[in-house]
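Subject: Structure handover

Hello,

Here is the structure I promised you. Please open it alongside this note; what I found follows below.

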Amino acid sequence: MASAAQSAAPDDTHRVIHRLETAFSCGFFAAAACMRIHAFGTGAAPTTIARDLAETSCVKDSLHQLVLQAIARLREQDILPADAAAIFVIERTRSAEHGDFATNAALLLAKHARTNPRALAQALVAALPQNPQIAKVEIAGPGFVNFFLA
């Protein structure tokens, strides 16, 4: 069975990076994986892929903080109870048509708010602070929030 790095073509770099992000949370292992990708000929330099992973991590952290700020606003507005908490994720989307990143925060918090996830996602999007890095935000499916970067 071929690994993600072995089967990657130059236009599949986005998908390989997504798999690496999912598989590796430690920078050391991600850097080692980048070296393997380069060795199997995706055409991208290891430093380029490593930089992309580092930038992705920074963007995820920024988006996570923005979502936390929106959750705090929803608590202030009594849309969410003060004790509502969830370990949500910010993930790179598999397809560019779904934006650059997505979160499942509304899906996880909807039960606490006693509302459906899509309605909570709308409130969450409305409560998000403005950020020049975000071009637009959309709600998808049952309540995923998709972020399109500027």
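Start with the contacts. Among those in the protein between residues at least 6 apart in sequence, 51% join residues at least 24 apart. Contact here means heavy atoms within 4.5 Å.

Two notes on the source. This is a predicted model, so local features need pLDDT of at least 70 and side-chain atom pairs count only at pLDDT 80 or more, while totals for chains, interfaces and linings use all residues. Residues are numbered from 1 along each chain as its sequence is written, and side-chain values use heavy atoms, with hydrogens and water left out.

Overall make-up

The protein has six helices and four strands. Both are DSSP runs numbered from the N terminus: helices are H or I with at least four residues, strands are E with at least two. From the N terminus on, the order is α-α-α-α-β-β-α-α-β-β. Of the 150 residues, 37% count as buried. Buried means under 20% relative accessible area, exposed means over 50%, and partly exposed is in between (1.4 Å probe, protein chains only).

The sheet

The four strands form an open sheet, ordered β1-β2-β4-β3, with antiparallel pairing. Its edge strands are β1 (90-92) and β3 (134-140), each pairing on one side only. Neighbouring strands are turned by 25° against each other on average, direction ignored. Axes are lines fitted to C-alpha atoms, for helices over the stretch in contact, and angles run from 0 to 180 degrees between N-to-C directions. Two strands pair if DSSP finds at least two bridges between them.

Now strand by strand. β1 pairs with β2 (residues 101-103) over three bridges, in the antiparallel sense. Arg 92 stands opposite Phe 101 of β2. Phe 101 also stands opposite Phe 147 in β4. β2 and β4 run antiparallel and are joined by three bridges. β3 and β4 are antiparallel too, paired over six bridges. Their hairpin has three residues between the strands, and Gly 141 there takes a positive phi near 55°.

Lys 136

This residue turns up several times. Lys 136 stands opposite Phe 148 in β4. The charged end of Lys 136 also sits over the ring of Phe 148, 4.5 Å from its centre. The rule for that: NZ of Lys or CZ of Arg within 6 Å of the ring centre and within 35 degrees of the ring normal. Lys 136 also meets Glu 138, side chain to side chain, in a salt bridge (3.1 Å, N to O). A salt bridge is a side-chain nitrogen of Lys or Arg within 4 Å of a carboxyl oxygen of Asp or Glu. By this rule the count comes to one. Lys 136 counts as partly exposed because its relative accessibility is 41%. Glu 138 is partly exposed as well, at 32%.

Helix α6 and Leu 120

Helix α6 (residues 117-127) lies across β3 and β4 (144-149) and runs at about 165° to β3. Leu 120 is in this helix. Leu 120 counts as buried because its relative accessibility is 2%. Leaving aside neighbours within four places in sequence, Leu 120 is in contact with Leu 74, Ile 79, Leu 80, Ala 106, Leu 109, Ala 110, Ala 113 and Thr 115. Leu 120 and Ile 79 are 41 residues apart in sequence, and 8.5 Å apart in space from C-alpha to C-alpha.

Loops

Asn 104 is in the loop between β2 and α5 (105-113). At 17% relative accessibility, Asn 104 counts as buried. Beyond its neighbours within four places in sequence, Asn 104 is in contact with Phe 88, Val 89 and Phe 144.

Asp 78 lies between α4 (46-76) and β1. Its relative accessibility is 67%, so Asp 78 counts as exposed. Arg 114 lies between α5 and α6. Arg 114 is exposed, with a relative accessible area of 80%.

Best wishes
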